[in-house]
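Subject: Structure handover

Hello,

Here is the structure I promised you. Please open it next to this email and follow along.

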Amino acid sequence: MKAGAHPLRGYFYIGSAAFLWGISATLGRAAFTGRLLPGGASLRTIEPLILSQSRATLSLAVLLPILLMRRGASVLRVPGRDLLQFFLLGILGVAVSNYFYYLAIQRTNVATAIILQYTAPVWVLLYTAVRGAERPSWQRFAAVGLAVIGCALAVGLVGSGGFRMDAIGITAAILAAFSFAFYNVGGHQVLARYDRWKVLLWVLVATSTFWIFVNPPWKIVAAHYSRQQWGFMLVFSLVSVLGPFSCYFAGLQHLEPTRAIVTSCLEPVFSIVITALVLGELVKTMQTAGIVLVLVAIVLIQLPERASRSEQFLVEPIE
């Protein structure tokens with residue numbers, strides 16, 4: 001392991017990101033179903049496209065002035081070749097993943113969207129193994145398998161809230177999984193050369209630029225969103241993008257992609273626990289079993305291995 005890399009710190013960062021994503025999953029469902037929010041207030045429906053666009057754009061609007069004040073214009077200086085990589089990461093990774101994930105939730109249900117998106121650890125492990133970046137050990141395959149099965153049980157794949165078939169929703173969830181896997185691998189590589197704040201800034205620039213072409217500003221103005229909706233979208237952007245992605249990118253500086261993405265499977269676990277604590281919903285036996293499997297997977301993936309080849313994929317954290 002390279003000097004300066006701290007696995008425990010990496011797990012903490014990824015866990016923090018998963019916790020925030022667990023909160024945002026519930027908020028996202030409320031945003032485009034119009035369900036009641038805390039305090040009895042109702043929210044007019046917000047479409048997945050607007051939710052995906054606003055959370056990236058508003059996060060950029062908050063982060064950019066802060067970084068300019070603290071670091072000056074140097075935060076914007078990036079070589080052209082790396083700028084292209086940032087845009088690919090922002091568009092094919094973050095933008096596509098966000099949009100298709102929320103579209104999948106809208107067309108199917110939370111359980112279906114999460115379990116299909118969280119097949120991403122499988123794709124990351126296979127990709128890194130084929131490329132020779134990580135050693136395809138039994139330990140890694142077992143951890144990935146337990147994480148996927150645990151997520152399936154935790155979100156209610158077995159039971160009344162199980163898998164819901166919808167061609168568009170299923171396709172969207174699978175595309176979200178591939179995008180999630182893409183920005184785990186691509187983000188890890190970029191973070192070998194840049195600090196997380198510059199990476200996050202340019203990823204948000206790329207994502208926001210993409211959404212401007214997909215959904216121009218005048219269409220948003222024509223939608224006449226209320227103050228309540230704009231307030232919700234601002235809070236949602238901080239909870240679902242700015243906070244968790246800053247933590248996740250920090251975690252990727254300390255962990256290789258497979259370990260990071262397996263740890264991110266804590267998101268559905270946190271979603272269930274938060275729902276139980278806030279709404280008083282009963283956690284079922286199969287959900288408890290799923291939570292245990294996810295936790296076992298995280299412990300298994302972080303155990304040291306005999307071979308050191310996987311350590312070659314670690315990057316030196318840049319603070």
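Where does histidine 224 lie? Histidine 224 is in the loop between α9 (217–222) and α10. Before going further, please keep in mind that this is a predicted model. Back to the loop. The phi of histidine 224 is near 55°, which is a positive value in a residue other than glycine. Most residues other than glycine have a negative phi. Histidine 224 counts as exposed because its relative accessibility is 60%, and the cut-off for exposed is over 50%.

Overall layout

The protein has 13 helices and zero strands. Read from the N terminus, the order is therefore simply α-α-α-α-α-α-α-α-α-α-α-α-α. The protein has 319 residues, and 55% of them count as buried. Residues 24 or more positions apart make up 87% of them.

The nonpolar core

The largest nonpolar core holds 87 residues. Those with the most contacts inside this core are Tyr101, Tyr183, Val199, Leu204, Phe245, Tyr248 and Phe249. Helix α10 (residues 227–252) gives the largest share of this core, with 10 residues. As background, nonpolar side chains tend to be buried together in soluble globular proteins.

Leaving aside neighbours within four places in sequence, phenylalanine 249 is in contact with Leu191, Arg196, Val199, Leu200 and Val203.

Aromatic residues

A search of the whole structure gives 17 aromatic pairs. One of them joins phenylalanine 19 and phenylalanine 270. This pair is edge-to-face, with 5.3 Å centre to centre and 85° between the planes. The pair links distant parts of the chain, 251 residues apart. Phenylalanine 19 is in helix α1 (residues 7–31), and phenylalanine 270 is in helix α12 (residues 266–279).

Trp21, Tyr118, Phe180, Tyr183, Phe245, Tyr248 and Phe249 form it.

The cavity

How many cavities of 30 Å³ or more does the count come to? The count is one. Helices α1, α3 and α7 (167–190) each supply at least two lining residues. The largest share, four residues, comes from α3.

Leucine 92

Leucine 92 is found in helix α3 (residues 80–107). With 43% relative accessibility, leucine 92 counts as partly exposed. Not counting residues up to four places away in sequence, leucine 92 touches Phe87, Ser179 and Phe182. Leucine 92 and phenylalanine 180 are 88 residues apart in sequence, and their C-alpha atoms are 9.1 Å apart in space.

Proline 268 and alanine 154

Look at these two together. Proline 268 has its place in helix α12, and alanine 154 has its place in helix α6 (residues 138–154). They are 114 residues apart along the chain, yet their C-alpha atoms are separated by 6.8 Å.

Proline 268 is buried because its relative accessible area is 1%, and the cut-off for buried is under 20%. Alanine 154 is also buried, at 0% relative accessibility.

What does proline 268 touch, not counting residues up to four places away in sequence? The partners are Ile114, Tyr118, Cys151 and Val155. Of these, Tyr118 is a member of the aromatic cluster above.

Alanine 154 has its own set of partners. Leaving aside neighbours within four places in sequence, alanine 154 is in contact with Ile272, Gln287, Gly290 and Ile291. Alanine 154 and lysine 284 are 130 residues apart in sequence and 8.8 Å apart in space, C-alpha to C-alpha.

Best wishes

Methods
Residues are numbered from 1 along each chain as its sequence is written. This is a predicted model: local features need pLDDT of at least 70, side-chain atom pairs count only at pLDDT 80 or more; totals for chains, interfaces and linings use all residues. Side-chain values use heavy atoms; hydrogens and water are left out. A nonpolar core is a set of buried Ala, Val, Leu, Ile, Met, Phe, Trp, Tyr and Cys residues joined through side-chain atoms within 4.5 Å. Buried means under 20% relative accessible area, exposed over 50%, partly exposed in between (1.4 Å probe, protein chains only). Contact means heavy atoms within 4.5 Å. Rings of Phe, Tyr and Trp (its six-membered ring) pair if their centres lie within 6.5 Å; planes under 30 degrees apart count as stacked, over 60 as edge-to-face and the rest as tilted. On a 1 Å grid over the protein atoms alone, a cavity is a set of points where a 1.4 Å probe fits but cannot get out, and a pocket is an open set with protein on both sides within 12 Å along at least five of seven lines; lining residues have an atom within 4 Å of a point. Grid points are joined across faces, edges and corners, and a volume is the space filled by probe spheres set on the points.
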